[in-house]
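Colleague: I have the file open and a few things to ask. Can we go through it bit by bit?

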Amino acid sequence: METQALAPQQSAAYVDSSEQPFAHAQQLYSSSGWPVLVLPRLKKCDPPYGFTGKYDQVAGEKEFKRWLDTNPHDPACFGPLANIGIRMPRGVIGIDVDQYGNKRGAEQLAELIARNGPLPDTFRSTRRGPENPSGIRLFRVPESWVGRGKAAVDIDVIQHHHRYAVAWPSVVPEFKDGTGALFQYAWYDLSVAECAPPHIGDLPFLPQPWQDDVSVKNRDFKMAGSEYRPDAFSARAQPGQWLAHRLELPSGDGFRSSNDWNNEIAWGKARTPISEDELIEWVKAQDAESENPYFKHDPVQFIKTVRSARSSRFEEWEGHRAVLAANEIKTKKKAVSVAPPALLVVPEQPIEPPAQVVTTTAEFTAVTGWMAVRDNAWVVKHRYQESGKDCVAYPAVTDFHLVPKYEVVQENRRYWVVDVVRVDGATLPDRKIDSDTLANPLALNKWVMGQGGTFTPKNQSREQFITGTNILKYLRGCGVPESREVDHLGWYPEHRVFLTGQGFIRPGIAQVEAFNEIRPSDFAVENSRARYGTEVSSDEAVTVFKEVLTFHDETVASVMGSWLVMVVLRGHFQSSVFPTLQFDAHSESSKSNFVRMMLQLIGVDLSGGGWTRATAEDAYSSHANGVVWFDDAKIDEDLQEVIRQAATGGEKSKKRTDDFSRNRLVKFRAATVITSEGMTDRFNSQKANRDRAIQLELPKVTDRMSLHDPTRIQWEDVKALWFKRFTGDFTKVAGSLVAAILAHSDDLDELTGARRVEQSYSILRAGSRVLSRLTNDPDHSARVDKWVSAQDDLGNASSVVLEVIPALWRDRGFPTAGTGKGHVVPVFRDGSDGPFWVNSARLADAWREWNRGHRDSRTESLTDQKGVETELKAIGCGAGKSKRTGVPGEAVVRYREIPSKYTELITKTALGDR
């Protein structure tokens with residue numbers, strides 16, 4: 001159906017003018033949970049680099065300001081007339097149906113509905129009006145779910161890593177060449193009425209049958225709208241039948257005019273004995289035949305795909321290449337003798353191979369002859385005729401060679417750690433070259449040039465053997481040790497070693513040894529932010545540790561020291577929870593210096609700020625014995641969820657960094673430290689957070705005097721040790737201290753306790769025993785025992801005690817009786833020192849009103865009386881007493897008494913003292 005064109009000046013009710021789509025709508029989208037992109041005026045493509053696809057960067061006010069600028073010399077400035085696009089957040093997808101021209105998305109959608117059941121009503125974005133079924137339908141899915149790029153020939157699945165959506169109030173022309181009437185995008189709600197952009201929380205979930213069908217894991221997927229329904233490997237398995245069917249598609253077919261068709265045809269053609277020049281001509285012929293004026297194949301990309309396919313099937317392609325060579329010889333009218341390469345010195349008689357020859361397999365010899373090293377360059381054996389005599393020479397085909405040291409195995413690829421030795425005598429140690437680089441000629445050439453090496457030009461050597469396949473077989477033929485790459489640093493029980501970014505540490509040995517059977521991934525090294533030096537002995541490292549412990553209050557130092565010892569010993573004991581360490585700091589407590597020094601001593605060097613959910617997840621997953629530190633940081637709901645998962649060793653499915661079409665299971669391993677000045681109230685108002693935390697108050701340190709000179713403060717001693725001796729970097733002794741702590745793993749006591757709080761305290765007590773033995777100071781375990789015994793066990797205290805009652809008591813003016821300001825109150829305290837009393841029905845009503853203004857989804861269940869009574873029962877709240885309200889006409893209201901052990905907690909929370 002033809003839609004009505006909208007003039008760009010037409011405005012909607014919820015913006016001032018659609019002449020400036022991005023300027024007027026970006027704030028609205030951002031507040032609704034949508035990552036926002038800028039697009040050039042009247043265009044759907046060319047968003048800023050780095051904010052789509054595999055990149056996780058999210059634009060903020062800084063980018064918005066720059067994008068809206070009109071600086072003609074800055075390519076990142078789009079001006080206020082720019083269009084707007086939205087990226088799917090993780091956990092949100094768009095079903096993009098195309099129903100116009102020769103596209104039949106609506107029919108294909110009906111086919112999918114018949115297969116998977118109906119879709120729930122949802123919001124839709126389109127520029128083709130409410131009557132046309134085209135548009136992007138939005139749904140929520142699990143964050144770990146990954147779908148196919150296409151659900152049908154004319155239906156795309158828009159995801160966080162794949163595409164983005166142009167959205168209201170963007171304006172685009174009718175045709176791709178920029179001509180025709182202008183159309184404005186619009187949103188339509190569940191009743192198909194035009195509406196404002198939806199909040200992502202209002203989107204329905206994609207039904208499970210749809211998730212299962214369109215998932216990339218579904219190998220039996222049938223593409224709707226195409227008579228041919230191949231599985232994921234048909235082009236590789238049956239190239240002849242597959243190509244015949246694909247090429248029978250009419251040139252105007254929607255699927256034929258797509259990148260999927262381009263890639264799949266390239267895979268099929270790669271398995272036929274056709275030269276690259278012939279393939280390029282074939283691609284050009286396909287473009288000339290096509291009825292779609294807007295789609296042209298890229299011959300360069302097509303050939304790249306062909307090369308990749310042939311590289312992965314090397315032996316098969318070598319057979320095809322032999323056929324091509326034989327055909328080429330047959331077409332020659334007469335034999336032509338091959339002259340020796342220009343750079344070769346032709347010997348008078350055949351010579352023996354150089355001494356430095358790498359033993360290779362028979363298969364390798366058959367394909368490439370042999371290759372050897374002479375004068376730090378790779379050479380090959382070259383046969384030719386001179387004056388009727390058979391001659392042999394050994395031309396250099398590179399100006400470098402590789403000396404492999406390790407072959408490292410990953411899940412889906414291999415790489416080699418090599419020394420690059422050049423003809424100029426330079427040696428570049430410990431370079432990495434992986435199978436992906438070897439499979440791509442352009443990437444291989446770039447890598448070689450990055451090491452200062454080159455391949456011999458083709459016109460100087462007819463021996464064109466240097467390909468990634470040849471180097472791969474050379475590296476394998478050297479027989480170097482194999483090493484397995486692992487995804488995190490820290491303790492590995494099966495090898496009994498502590499893995500670092502520089503090597504591994506054994507218990508009791510202050511030395512970082514070279515990698516052997518295992519080594520960490522680059523991802524783990526980069527995101528763990530850890531270093532382990534061994535500049536001093538283990539005994540001296542313990543002495544440094546003892547000096548730093550004297551910097552702060554004895555109890556605080558003993559508790560944190562015990563906690564750090566157990567961080568290092570994780571993997572030596574079993575527990576369902578590892579507690580978050582929280583410091584509520586006062587001014588002049590020097591919290592940042594103290595925590596940074598303590599973390600550096602176990603190898604972790606962090607600043608404590610600037611975390612996003614993505615960076616925090618990477619840090620948590622990269623180190624089994626690491627720490628993630630939040631220092632005066634804003635901890636939003638997303639970060640709180642990650643912190644909770646980390647405390648219990650949670651897992652999450654994330655996209656692979658080397659293949660975004662696949663997921664990897666990420667386990668959160670590192671521990672958490674939170675330091676703030678009065679910012680932990682909100683965090684601890686949730687029972688799940690509080691049950692996983694150990695909370696300490698940091699007192700002032702300005703009155704702590706030196707143990708060596710009572711005339712100066714202790715900070716002067718510690719500062720001299722930290723900055724003068726170790727230049728502000730205690731990680732220089734971390735390897736030695738970690739080795740010393742690991743040597744005490746047998747001193748661990750058995751952990752006790754069924755509840756999380758009990759397990760947390762048991763971990764502290766066990767750590768204090770090790771700390772006492774490590775430092776030869778029994779006072780540490782005594783202080784920790786005393787501190788743990790003094791902690792109030794608040795049992796099942798939950799949101800009703802930690803948040804609802806304090807908030808409503810404060811909101812009602814801290815009433816001390818059942819009536820306040822002429823009406824009955826939901827909660828009051830009996831006098832200034834008595835217990836709290838609540839009425840469940842009035843508490844639920846009051847919290848419902850409160851929730852409307854604050855949108856607190858975590859405690860929304862407490863807007864119902866039944867939900868309130870369930871939580872009150874969990875904390876041991878009794879049946880209550882009858883108390884008259886004192887308000888004329890009011891019935892007697894029954895209140896329940898809150899157990900007295902919660903009185904101080906509720907009072908402090910309401911007054912803001914926690």
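Colleague: What is R87 in contact with, leaving aside its neighbours within four places in sequence?

Modeller: R87 is in contact with W34, P35, L37, F51, T52, G53, Y55, D56, Q57, H160 and Y164, leaving aside neighbours within four places in sequence. Contact means heavy atoms within 4.5 Å. This is a predicted model, where local features need pLDDT of at least 70 and side-chain atom pairs count only at pLDDT 80 or more, while totals for chains, interfaces and linings use all residues. Residues are numbered from 1 along each chain as its sequence is written, and side-chain values use heavy atoms, with hydrogens and water left out.

Colleague: Where is R87 placed? And is R87 buried or exposed?

Modeller: R87 is in the loop between strand 2 (83-86) and strand 3 (92-97). Helices (H or I, at least four residues) and strands (E, at least two) are DSSP runs, numbered from the N terminus. R87 is buried, at a relative accessible area of 2%. Buried means under 20% relative accessible area, exposed over 50%, and partly exposed in between (1.4 Å probe, protein chains only).

Colleague: Which backbone oxygen lies 3.0 Å from a polar atom of the R87 side chain?

Modeller: That of H160.

Colleague: Moving on to strand 3. How does strand 3 pair with strand 7?

Modeller: In the antiparallel sense, over four bridges. Two strands pair if DSSP finds at least two bridges between them. I95 has V157 in strand 7 as its bridge partner.

Colleague: Which way do the residues of strand 7 point?

Modeller: In strand 7 (residues 155-158), I155 and V157 point one way and D156 and I158 the other, and all are buried.

Colleague: What about strand 6 and strand 7?

Modeller: Strand 6 (residues 150-152) pairs with strand 7 in the antiparallel sense over two bridges, and a hairpin of two residues joins strand 6 to strand 7. K150 stands opposite D156.

Colleague: New topic. What is the order of the five strands in the open sheet?

Modeller: The order is 19-18-17-20-25, with mixed pairing. Strand 19 (427-434) and strand 25 (518-520) are at the edges with a single partner strand each, so one side of each has no neighbour in the sheet. On average, neighbouring strands of this sheet are turned by 40° against each other, direction ignored.

Colleague: How many bridges between strand 17 and strand 18?

Modeller: Nine, with strand 17 (residues 400-409) and strand 18 (residues 414-422) pairing in the antiparallel sense. V408 has Y415 in strand 18 as its bridge partner.

Colleague: Which strands does helix 13 lie across?

Modeller: Helix 13 (residues 441-450) lies across strand 17, strand 18 and strand 19, and runs at about 165° to strand 19. Axes are lines fitted to C-alpha atoms, for helices over the stretch in contact, and angles run from 0 to 180 degrees between N-to-C directions. Helix 14 (residues 468-477) also packs on the sheet, touching strand 17, strand 18 and strand 19, and its direction makes about 90° with that of strand 18.

Colleague: How many disulfides?

Modeller: The count comes to zero, a disulfide being a pair of cysteine sulfur atoms within 2.5 Å. As for cysteines, C45 is partly exposed at 36% relative accessible area, and C195 is buried at 11%.

Colleague: Last one. Which residues of helix 16 are buried?

Modeller: S538, A541, V542, V544, F545, E547, V548 and L549. E547 is among the residues that D717 touches, not counting residues up to four places away in sequence. D717 lies in helix 23 and is buried, at 10% relative accessibility.

Key:
Polar contact = N/O pair within 3.5 Å; in protein donor to acceptor, adjacent residues only side chain to side chain.
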